[in-house]
Amino acid sequence: MEISRRNLQKGKGSPQLIERWEQKSHQFYFYCNELVLELSIYQSNIIRFRFSPEGSFEDDFSYSIAHDGPIPSPEIIFSGKEVGDNFEIHTPELKICISRTLHIQIYDSEGTLINEDERGFHWNPSQEFGGNKIHCSKRIQNEESFFGLGDKPNRLNLTGLRFETWGTDAYGFEKTSDPLYKNIPFYLGLHHEKAYGIFFDNTFRTFFDFGYERRDVCSFGAPGGEMNYYFIYGPSLIRVTEGYAFLTGTPELPPLWALGYHQSKWSYAPEANVKDLVKKMRDEEIPCDAIHLDIEYMDGFRCFTWDKQKFPNPKKLLAELEADGIKTVLIIDPGLKIDPAYQIYKDGKEKDVFCRRGDGPRLKGEVWPGDCHFPDFTDPKVRDWWASLFEPFIQKSGAKGIWNDMNEPAVLEVGTFPMDTRHDFDGHPCSHRKAHNVYGMQMARASFHGAKKAMFPKRPFLMTRSGYSGIQRYAATWTGDNLSTWEHLWMANIQCQRLSVSGVSFCGSDVGGFIGKCNGELLTRWMQLGIFHPLLRGHSSGDHGDQEPWEFGEPYTSAIRSTIQLRYKFLPYLYTLMWQNHNQGTPVIIPISFLGQDDPETYFRMEEFGFGQNIIVCPVSTPGVEGRKMYLPEGKWYNYWTNELKDGKQEFWVDAPLDQVPIFIRAGSLIPQYPPMNYVGEREVEFVELHLYHDTESYTSQLYEDAGDFDDHKQGNFMLRSFSQTQYEGGIRIRQYMKGRFYDAYNTFHIYLHGLKFTPKQIRVDDELVPNPLKENGKGVYLEVDKNFEVIVIN
C-alpha cells in the first residue's frame, strides 16, 4: 500500500499543531504530538472524523454501522494536498480544509461553506472514571436550522435548544422531557438552502447544544469514548437521511399485514376477552390485522410462558384468531424472574448469561415479576441463547410478532442498571456507562434473529421501545408511554416526523394515549394522524378506561371506522414507501421543510408533513374545531376530498369536519389504492385503483409489489412499476415501466382521472383505440385497463 508522508512545519509544535500527515488508501492521518486525527472518505459526500488524544486508536467497533462497516466506494475520486500552511482534501462534492491548528472547514463544490469548527475537538481527562470527556464545537452559520435526534418531543426545529441521549423509561413524559427512550445521536443542519448531517457514533450519554448556551455555537460531546463522527453532505435534507441509512442500514421489508391496524391494551385477558374483542371488531366492520397481548398472558410475568388459567390452549386460540384474519403479537421483557423452578431462568443461570456487578455478583433489579436477573445482550453468546428461546415459544403458540418493552433498560424505583454493571460489548468489556444506550438495541437484535428463524420462511414483525442508531435494521418502534391529551397528539406528530428522518420510519404512537382518559373526539383526531404513521396501533392502560374504536359511540365510531378504512385504501402506496425506505433509506414521514428546503417558511412549520413525497397531511390537534390553517410546500396540490387545486408556498384555511383529515395530493402523481378490506388477505384483490392527478409538468410515480410476507423479493420475486405522466399538445400520455418477475393475482387497473382540463374524446392503450373507455361509479370517472399496459394516450 502506497503511503505518502509530509511535514507541515519545521521543528516541533504544540499538541494543537499538525506536525506530519500520511495517507493510507482512503484514509488520511494528521499527527499533533500525541493527538491524531483519522479522516476517512467513504463516499464523495460522506467523511468520517475520528480523534485520539493518546495517539493511537482502540479497535474500530460499532453497533450502529451496518454489516462490518461502511465500504468506501471503489469509484470514488479524491485527492489530498498541502496548500500553504493548510491541507486540503477534495472529492467531487466537497473540499475539506484543515489548518495547521487542526481547525476544520468543509465547503461544497460551489465554494459554499457548509460546516466549520468553532473550537473543534477538545477534551478533559476524567479523574473519576479514567479516559476523557470529549467535546466538539461547531460554528452555527447564518440562519441555520437543525433537525433530527430521534424521539425528542419538543419543537421540530432544534435551533436554540439542547438535549442528551440516555435511554430512559419516561412514563408520562412531557413536551420538554429529555432524555426519552431512544438514543439516536444524529442531527441535520440546513442553511443557505443546503443541508448536511453529523452522526456522532458514541454510545455513552451524549450531549447536544444547538445554540442554547452560545447562540453562534453548536456542540456535542460525551463523558467517555471516542470523538468519532461522520459528516454527510446533501445538499438535500432527504439525501442526508439516505446517507445516514447508508451508514447505519435500512430496515427489512415488513410483512404487509403489519401495516394494517393493531389493537392493544394493558391487558386483554383472559382468552374470552380476546375472542370478544375480535368478534366486536369484525361485527363493527373496523379493519384490523393484529392484536397485542401485554404481560398478563404470562405465568406470573415470566417471559416465554403462558398463564394456563387465563389461556389454557394458546396455540388453539391464536390459530382461531388467524383464521379470522388476526395476527397475535406478544410482549417480551428483558428481566427474567429469579425462580429456581423457572426453566428459562435456570438455564440462563447455568449458561452464565446474566449481567454482573463490578465486584462479581449478578445484577438484581425489580420489574414486573419481582426480583430479576438480566441477560447481557452485548455478549454474542447470550444473544444466540436468547434467540434460541423464540423457536419453541413461537412454534408452540403461533405468534406472528414480538414486542420488546422495558429495554432502556428500565428497573422499577431506581431507573436503570447501576453504572458498575459489566458488559461484554462484543469482546470489548465495559461498564454500563458505555453499554446502556445499546442494551435495548441488542435485545431487539437477538429477538429479531430468533423470531426470523422461528417464523421462516415468513417475515417476522418486531417492535421495540428503546434503541440506538441502527435499530431500524431489527425493529419498528413507538413513542412510549404517552398521555391521552391534545398536546400529546401534537407531540406524537412531531416525534414520528423526527424519528423518520433519524432513520426510523417504521414508527408510531399509542393512538389515543396510554395514560389517562381519552374521549371520542380526541381518539378520532389521533386516529386521523395515526393512519399516516407506518406503525398504526391503538394502545392504552386499561385502568384508565377502555378506548377501543367503538367505545365512545356515534358519531365517533363511524368516523374512526372510515379513517381506518382509508388507511387500508392507502396500503399499496404505503407499502411502496416502505420499499423505498428499505431500498435506499428514503424516509416515509417527511417534514415539509425536507420537501421545501428552499422556502424558509417551512423551517418552523411542524404539523404539516409528507406521507412520502406525494401526499401532504395536516392533522387537527385542537378540540372543537372543524377546520384549520395549513401550509403547502412549492408545487400544485389537490385537496383529496374536494379535488380543489391549490398552489403551494401559501397558508390557507382548510375544512376538516370530524370524519376528515386535511390531505393534499401532489399534482402529477399517481396514487395506488386497494378496494375495501377488513384485513390483509381477506379476499383476493381483483383490481387496483390508480388515482392520477393531472399536471402540466412531467412526473413519475412508483408502485412496488411482492408476495407481502416472504423474503423471496431479495431473489427478484417482486414487481416495481414506474408510471410517468406527461402532457403534450392535445392530451396526456401515461407510460408504464416494469421491473421484476412477480405478478399479483389481479389483472386490471382502474385509473381515475383527477383535474383534467378537457373532456377525453379518444383513448388509446398500447396503440389500440378503446371504444367507450370511460366508466363511472360513486367515486368518479375511471378507465379500466390491463395492469401490464405500456402506454396510454388520452386526447
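Residues are termed buried under 20% relative accessible area, exposed over 50% and partly exposed in between (1.4 Å probe, protein chains only). The model is predicted: local features need pLDDT of at least 70, side-chain atom pairs count only at pLDDT 80 or more, and totals for chains, interfaces and linings use all residues. Residues are numbered from 1 along each chain as its sequence is written, and side-chain values use heavy atoms, with hydrogens and water left out.

The structure holds 51 salt bridges. A salt bridge is a side-chain nitrogen of Lys or Arg within 4 Å of a carboxyl oxygen of Asp or Glu. Arginine 605 takes part in two of the contacts described here: glutamate 608 lies 2.7 Å away, N to O, and for glutamate 601 the closest N and O atoms are 3.3 Å apart. Glutamate 608 is buried, with a relative accessible area of 2%. Arginine 605 is also buried, at 14%. Glutamate 601 is partly exposed, at 39%.

A further salt bridge joins aspartate 60 to arginine 48, with 2.8 Å between the closest N and O atoms. Arginine 48 is buried, at 2% relative accessibility. Aspartate 60 is partly exposed, at 45%.

Helix α2 covers residues 271-283. Helices (H or I, at least four residues) and strands (E, at least two) are DSSP runs, numbered from the N terminus. The buried residues of α2 are Glu271, Val274, Leu277, Val278, Met281 and Arg282. Seen down the helix axis, these residues fall within an arc of 130° (directions from the axis to the C-beta atoms), so they line one face of α2. On the other side, Asp276, Lys279 and Asp283 are exposed.

Methods: The expected span of a helix is 1.5 Å times one less than its number of residues.
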